[in-house]
There are 2 protein chains.
Amino acid sequence: MIISLDAMGGDHAPDVTVHGAVWAARDFGLTVQLVGNPDAIAAELEKHNTAGLDVPIVPASEVIEMDEHPSQAVKAKKDASMNVAVRQVKTGKSQAFVTAGNSGGALAAALFGLGRIRGIKRPALSTIFPTQSEHGFAFLLDVGANTDVKPEFLAQFGMMGSLYAEKVLGIPNPRVGIVSTGEEDGKGSKLVIEAAELMKAAPYNFIGNVEGKDITAGLADVVVTDGFTGNVIIKFAEGLSKMLMSAIESEIRARPLAMVGGLLAKPAFRGVKAKLDYREFGGGALLGVDGVTIITHGRSDAYTIRNAIRAARDAVENDILGAIKAGLTNSE
Amino acid sequence: MIISLDAMGGDHAPDVTVHGAVWAARDFGLTVQLVGNPDAIAAELEKHNTAGLDVPIVPASEVIEMDEHPSQAVKAKKDASMNVAVRQVKTGKSQAFVTAGNSGGALAAALFGLGRIRGIKRPALSTIFPTQSEHGFAFLLDVGANTDVKPEFLAQFGMMGSLYAEKVLGIPNPRVGIVSTGEEDGKGSKLVIEAAELMKAAPYNFIGNVEGKDITAGLADVVVTDGFTGNVIIKFAEGLSKMLMSAIESEIRARPLAMVGGLLAKPAFRGVKAKLDYREFGGGALLGVDGVTIITHGRSDAYTIRNAIRAARDAVENDILGAIKAGLTNSE
């Protein structure tokens, strides 16, 4: 299997991207194409032992910067590393595209370069989110690809999410919920009420509305929402976790005995942080485009990049594209 | 000052409501009318020392139950404690209405019974939310009164929120932000982009978009959003805090040394919980109806009820209704 990594994408590229690619190539026996500035990539590769690994460089002369206007930059910079990596997939030279770059740019590059799967109304960006469920996580989508949606988009997000949770994450008969303001049928915005009606008739295990607190409780395996709400949720989760952790630290620091306790409890805190760490999951799949695409956080470190490449492998290996295409035929 | 408390509203009424009313009457020197079943209330009052306190019973023969359809129940049960409490305010026999009952019912009772302030398009339910800002909290609205809104509603929520933060919470020149998916101008849903345009021209200190993580960071003193997003945020916050705390507990329990540490650090954890405790804030004001209305959590305990009554007093004392009416004249 061959994965094309945008080696120039992310806050710490090509340092962490090359490191992550080498790590993934070693751990998973994959070919990881490093797409970008050949000199910069080669300089990073020299820092690693790549004996026996397949990490070829694919040259690209431009980069979509983090602060550029996504779709304009993607259109203007034809030879940007993202665009080149996408073309590798489009032309069959690789099976998946992974990037930690400008996420709006990544969306645009994948959408323009790979196109939507025929029958998919809108692609959705997903993420894996820690919960208190048995398997410890839920699959949340859309987290930002579409800020304005229609009920039928949400119903399709449910279908794609259900297939991903089952085929790629290995959850049998995943429970699909829609984010709303009350558990009861008919609660929520007009959009959600109409979407829930469509989802009841859809060929997946729709369990109805989930409230904000049900998401973390793990009531649903697949949590469907619009890209506005989903984006607010994941960024709010980041902010709230940070606030809670810093509140605990400052309360502990304010009390001498608690400080001793805090030192003893430190490995436990590290355990919690690891459990809730987005780095473990390695970024989110962009579902609905005609090519496996994984978009990960701009702040990703090498370990996250490694895991994002693993996520791409899992999606390819379990043929998520074929499953979505078959899912569309079934729901016609 | 006279406050009308729905003594029958909430999961633990009239036990905690009567207790909270007695507490508030003693601490703040207020008259608190206990509206509801006279026998049940009298039985609770006997458990407390009410010497020198003014806690009269106002009879009401019906109750809106927690699982009833809000607006239907409010219309059908004219003599429900909520409706009677609202009529006390409407007829000038008291200055504020406080309830921990069915929150949809409370909204309907206040809206039908008190009406909107002339010129207010939609009332908004607010809450006070802990943040990392200097004063330690932000004022968030709407958290559930309106799941479907228009840009001009959001702009008005900003006005009402700004006035409440300044007059009642004592924050000078409060910074008003709107929840969106990016900090930059023009990011977000169509609704938010249009609302932000109106808010730029509004006579309050609009600072632009705030992302999910900016809410807890405390970038804005007043955080404006639609009732769908706001409701998801506060319920998600509840769920995520619970998940984090229980993750910390189970990690600590899994390690013998950390367990000793956890015991020593226990007062610090209690400190964090108190800091983030919604009970301190005592429920949210319903802004835009023509009477001071405080709606608090159905799970409220006596302390929360006491604080909700204090919030009502603060709103009356600082004439929030007059401020909103004047604000409407200024923005015409």
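Which residue with a positive phi follows H6(B)? That residue is B:Gly170, with phi near 75°. The model is predicted: local features need pLDDT of at least 70, side-chain atom pairs count only at pLDDT 80 or more, and totals for chains, interfaces and linings use all residues. Residues are numbered from 1 along each chain as its sequence is written, while chains are lettered from A and ligands numbered from 1 in the order in which they are written.

Of the 18 residues, 15 are buried (20 or more other C-beta atoms within 10 Å of a residue's own, with C-beta atoms placed from the backbone), so H6(B) is largely enclosed by the rest of the structure.

Now chain A. Strand E10 spans residues 284–287. A:Gly284 and A:Leu286 point one way, A:Ala285 and A:Leu287 the other, and all are buried. E10(A) pairs with E5(A) in the antiparallel sense over two bridges (pairing needs at least two DSSP bridges). There, A:Ala124 stands opposite A:Leu287. E10(A) also pairs antiparallel with E11(A), over two bridges. Here A:Ala285 has A:Ile294 as its bridge partner. E10(A) and E11(A) form a hairpin with four residues between them. In the turn, A:Gly288 has a positive phi of about 115°.

Terms used
A residue is buried if 20 or more other C-beta atoms lie within 10 Å of its own, exposed if 12 or fewer, and partly exposed in between; C-beta atoms are placed from the backbone.
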